[in-house]
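Hi,

Here is the structure I said I'd pass on. Have a look at it first, and then read my notes below.

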Amino acid sequence: MNIIKLNAIDSTNSYIKENAVKNNFESFTVVLAEKQTSGRGQLGTVWESEQGKNLTFSILIKFLDFKITQQFYLSMAVSLAVLVVLKKQFEATFYIKWPNDILADKDKVAGILIENSIVGNFIKNSVIGIGLNVNQTNFSKEIEHVTSLKNISSVEIDKEKLLIDVVNSIEYFVEFIYRKEFLKLKEMYMNTLYKYKIPAMFVDKNNTVFMGKIVNISVEGQLVIELENEKTRKFNLKEIKFAS
Ligand code: BTN
């Protein structure tokens, strides 16, 4: 495993994007930072993490024939990889919250940011960024529903070992993509999906609150929700969130 350890960097995702081609990084190169000065989350958010306490890292994965239309399977593979490691080692009920947040009970313990470089209809280089809250115990009051593995287990966790377990798990789940076993990935993902088939409150992009239940994930990775009138609607990430 090739791990590049940095003390401080703007963002490990940006670091790989800027250096992978120039420095000919091999597939599964891992970049780990003790501190990110501009850690990035989904939808342009900031990823905050207390220096030295957590895992903030990115992995470069190179693909040869991975179609853009199949890209959500990578999200599935990576979120399953993180979830399975946590499930084996910690006592909580872990879920994947669509598209790829990892929850411990109801609180977010890890976030994933995937950035792809595309040539034609294919994904070539994928940068998988993972922020996993490990030993941080205090979080800013503005961030709700967040936790860490130490908060769950009350013990200090060996970050290096956990990193190796997660990277190995990602290698294992990415093999499903190499073998084109997409349906197996989807089945495992749906089995761990937060609020799957359970009525829940959602907020759409017009701030309208409505009740519905998740009934599927489309091939494009959209959330398919059955509304109270039994009609279904598909939503992109920018278009919907859970109401609480
Ligand atoms: C999210 O839940 O919004 C995704 C968070 C992803 C954070 C990680 S930390 C390592 C990598 N570098 C970044 O700038 N972001 C990702």
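This is a predicted model: local features need pLDDT of at least 70, side-chain atom pairs count only at pLDDT 80 or more; totals for chains, interfaces and linings use all residues.

Six bridges hold S1 and S2 together in the parallel sense, and Ile3 sits opposite Val30 in S2. On to the next pairing: S2 (residues 30–36) and S3 (residues 55–67) run antiparallel and are joined by four bridges. One partner pair there is Leu32 with Phe57 in S3.

Now the whole sheet. It is open, has seven strands in the order S1-S2-S3-S7-S6-S5-S4, and its pairing is mixed. S1 (3–9) and S4 (94–97) are the edge strands with a single partner strand each, so one side of each has no neighbour in the sheet. On average, neighbouring strands are turned by 25 degrees against each other, direction ignored.

Helix H2 (residues 72–89) lies across S4, S5 (101–104), S6 (107–119) and S7 (122–132), and it runs at about 150 degrees to S6.

Then there's the ligand. It has 20 residues around it, of which Ser11, Gly41, Gly111, Gly129 and Gly131 come nearest. H1 (12–19), S3, S6 and S7 each contribute at least two residues to the shell. By type, that shell splits into 13 polar, five nonpolar and two charged residues.

Cheers

How values were computed: Residues are numbered from 1 along each chain as its sequence is written. Two strands pair if DSSP finds at least two bridges between them. Axes are lines fitted to C-alpha atoms, for helices over the stretch in contact, and angles run from 0 to 180 degrees between N-to-C directions. Two residues are in contact if their C-beta atoms, placed from the backbone, lie within 7 Å. A residue is near a molecule or strand if its C-beta atom, placed from the backbone, lies within 6 Å of it. Ala, Val, Leu, Ile, Met, Phe, Trp, Tyr, Cys and Pro count as nonpolar, Asp, Glu, Lys and Arg as charged, and the others, Gly among them, as polar.
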